[in-house]
Amino acid sequence: MRIPILTLCALSLAGGFALADDDHHGGKKYKRPKQLAVPLSAPKVWTAECGSCHIAYPPGLLPPAAWKQQMDTLKHHYGSNATLDKADEQAIRDFLAFASQANRLPLEPSPKAGEPPRITTTRWFIRKHDEVTAEQWRRKSVGSKANCQACHAGAEKGDFDDDRVQIPR
Ligand code: HEC
Ligand code: HEC
């Protein structure tokens, strides 16, 4: 088994979690988040507030420390102001912490300074999407890498199964 050096570093940083979720892809091994289904207990305030500008990203996509950074920086949220009242913010914080706890992947800062962590710049995301071409990403029907549901119809429910992926024209 060949593991790239970077992965080894990430593993030791994360405290040595098991490589239980590796996939075989082009002969290489790599991991992706495991629990992507959105819990039925998801509060309405999360769906409403975090799903108003883009889909409410399933919490399992990022580790708890990344969601904490999201919630700590809502005033400067990728060029938007996404601040909430105290009670709503706390409810969303608690939900994200609880629902992302199975994600043991390391916190990966955004390559762009001053931005909270992204899903779309994580190593697993880049590897999983290495077959999507630059032309496909640029399509109007896609718009942004962050627009998961353009290709994953069930994204809001946490369904990213590669059997159901469809890149729009
Ligand atoms: C006022 C609009 C707005 C609201 C409300 C909002 N966001 Fe965002 N969010 C954005 C924009 C704009 C981006 C950048 C999208 C892009 O790069 O295409 C973004 C990006 C993100 C990303 C990173 C996507 C990637 O590229 O990986 C995450 C994660 C995220 N938001 C989480 C949240 C959470 C959690 C909430 C609720 C607390 C929230 N957002 C509420 C506007 C918003
Ligand atoms: C332009 C279309 C497109 C967009 C937009 C897109 N994806 Fe994908 N995604 C794909 C394709 C194609 C694959 C399948 C790769 C393969 O067959 O191995 C994939 C695979 C995945 C997988 C792995 C599925 C599996 O069964 O292993 C995950 C997880 C995933 N995407 C998450 C996301 C998330 C989260 C977003 C938004 C932040 C997103 N994708 C945006 C096209 C897209």
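A polar contact is a pair of N or O atoms within 3.5 Å; within protein, one must be able to donate a hydrogen and the other to accept it, and residues adjacent in sequence count only if both atoms are side-chain atoms. The structure is a predicted model, in which local features need pLDDT of at least 70 and side-chain atom pairs count only at pLDDT 80 or more, while totals for chains, interfaces and linings use all residues. Residues are numbered from 1 along each chain as its sequence is written, chains are lettered from A and ligands numbered from 1 in the order in which they are written, and side-chain values use heavy atoms, with hydrogens and water left out.

In the surroundings of ligand 1, an N or O atom in the side chain of His77 lies 2.8 Å from a nitrogen atom of the ligand. An oxygen atom of ligand 1 is found 2.6 Å from a polar backbone atom of Ile119, and a polar side-chain atom of Ser144 is 2.6 Å from an oxygen atom of this ligand.

The iron atom of ligand 1 has His54 (NE2) and His77 (NE2) as its protein donors, 2.0 Å away, where donors are N, O and S atoms within 2.8 Å of the metal (3.2 Å for Na, K and Ca). The site is octahedral, with angles of 87 to 179° among its 6 donor atoms; six donors count as octahedral if opposite donors are over 155 degrees apart and all others between 65 and 115. The two histidines link distant parts of the chain, being 23 residues apart, with His54 in the loop between α2 (44-50) and α3 (64-72) and His77 in the loop between α3 and α4 (86-99); helices are DSSP runs (H or I, at least four residues) numbered from the N terminus. His54 is partly exposed at a relative accessible area of 30%, whereas His77 is buried at 13%, given that buried means under 20% relative accessible area, exposed over 50%, and partly exposed in between (1.4 Å probe, protein chains only).

His129 stands in the loop between α5 and α6 (134-138) and His152 in the segment after α6, 23 residues apart, and both His129 and His152 are buried.

Key: Four donors count as tetrahedral if all angles lie between 85 and 135 degrees; four count as square planar and six as octahedral if opposite donors are over 155 degrees apart and all others between 65 and 115; anything else is irregular.
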